[in-house]
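Dear colleague,

I am passing on to you the structure shown below. My notes on what was found in it follow directly after.

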Amino acid sequence: MNIAILSGKGGTGKTLLAVNLAAIAGDAVYIDCDVEEPNGHLFFKPKSIKTETVAVKIPAVDDELCTGCRICVDFCRFNALAYIADRLAVFEQICHSCGGCTLLCPEAALREEDRIVGRIEEGFSGSVKVYSGILNTGEASGIPIIKRLLNLSKKERPGLCLIDCPPGSACIVMETIRDADYCVLVAEPTLFGVHNLNLVYELVSLFDKPFGVVLNKCLEGEENPSEKFCLEKVITILGHLAFDHELGVINSKALVAARERKRYSALFSTLLASVLKEAQHEAVVNP
Amino acid sequence: MKVAVPVDDKNMETSVCMSFGRAPYFMIYDTDTKEHSFLDNSAADSPGGAGIKAAQTIVDHHVDVLLTPRCGENAAGVIKAAGIDLYKTEPQSAIDNINALVIGKLSSLNDIHPGFHSRKGR
């Protein structure tokens, strides 16, 4: 079962939740898809790491063969090619690796070359299998890494996979939740938090994904706009996490709270049970 | 000397467009013959790489100088590779900028920005 954990902004507690749920589940897979700034590995400190690079295909031109017909330039809808001063120029960062230009070139002057955009690390933290996607600094898109990550982790099924999503609701998040069986949205108790919750709420609704919300940083006796939002929209609330100083301290030391204190292992066990119950219920009701 | 300027309208009073890649039109002005024409910028509504495509249009029209308020690095790469000089416009009409260029009152554009490409991560 694939459970994706997402939020409309960074810092709501996606990694806190994904890491602790995976740690509590024990025999689980944690997949860090926040490839621009993966940090789950800081908590898990995985051992026996295997690394593989991720490359995309970009066109390379043979100037001897190119006649300057510009079929490729006109074809590229991303305008990654230009023909200047009798030479074809390739803008690698703009290229979306569709391969169309190489197929269309009548002179076979274009071929595809690998360009490395990042890497994937695979290791173990106790019985938790940890995958981290790492995008090279300066690269425009992490999607090729996420595709490879999710493809690699297919072999882990039907085990429990906790997918730590990038923040927001853009293409990269859509790619990450594509194969998710259930989505957990993490929300903060502020007006800004509601705005961001609404972004991912609309996304998972659009993708017709079953989902529930975890309310993080809850203050006792204080109004929680995100909770109000869930009640109004009749959204399942999977659990509450308090705005807890000790939890913050443990987290800031890059320790896994559920492995450090009994009360947190109890807290995340309850939460995991709640998530699994909902996810399995959905799997039966809406397979 | 053939000069190109990204512009908002197709008339001689037009202002300079703040964007190069996504300007609706380009004014092409020949300072020797005083002839002018307007080009539609086919890159204006591109999903991406508008600067590159717009620059390709400028290169294909054998322009000597491009006047623009700003220019992204990809577009600048194309423009410079074609040997076209880049000058920075002043806040005045397109034709006033061209006249300012002729009398040497414009300075070359050096602050090339890294682009406003939509970030995909967020």
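Helix H7 (residues 191-206) of chain A packs with helix H8 (residues 225-233) of chain A at an angle of about 40°, and their axes are 8 Å apart. Helices here are DSSP runs of H or I with at least four residues, strands are runs of E with at least two, and both are numbered from the N terminus. Axes are lines fitted to C-alpha atoms, for helices over the stretch in contact, and angles run from 0 to 180 degrees between N-to-C directions. H7(A) and H8(A) are therefore oblique to each other; angles under 35 degrees count as roughly parallel, over 145 as roughly antiparallel, 65 to 115 as roughly perpendicular and the rest as oblique.

On the H7(A) side, A:Leu191, A:Gly193, A:Val194 and A:Leu197 meet A:Pro225, A:Ser226 and A:Phe229 of H8(A). This contact has five nonpolar, two polar and no charged residues. Contact requires C-beta atoms, placed from the backbone, to lie within 7 Å. Ala, Val, Leu, Ile, Met, Phe, Trp, Tyr, Cys and Pro count as nonpolar, Asp, Glu, Lys and Arg as charged, and the others, Gly among them, as polar.

Please note that this is a predicted model, in which local features need pLDDT of at least 70 and side-chain atom pairs count only at pLDDT 80 or more, while totals for chains, interfaces and linings use all residues. Residues are numbered from 1 along each chain as its sequence is written, and chains are lettered from A and ligands numbered from 1 in the order in which they are written.

Chain A also holds an open sheet of nine strands with mixed pairing, in the order S3-S6-S7-S2-S8-S1-S9-S10-S11. Strand S3 (47-61) and strand S11 (237-242) stand at its edges with a single partner strand each, so one side of each has no neighbour in the sheet. Strands pair if DSSP finds at least two bridges between them. Within the sheet, strand S1 (residues 2-6) and strand S9 (residues 182-187) of chain A run parallel and are joined by four bridges; A:Ile3 has A:Tyr182 as its bridge partner in S9(A). H7(A) packs on this sheet, touching S1, S9 and S10 of chain A, and its direction makes about 170° with that of S9(A).

Finally, 22 residues of chain A are in contact with 19 residues of chain B. The chain A side divides into 16 nonpolar, four polar and two charged residues.

Yours sincerely

Conventions. Two residues are in contact if their C-beta atoms, placed from the backbone, lie within 7 Å.
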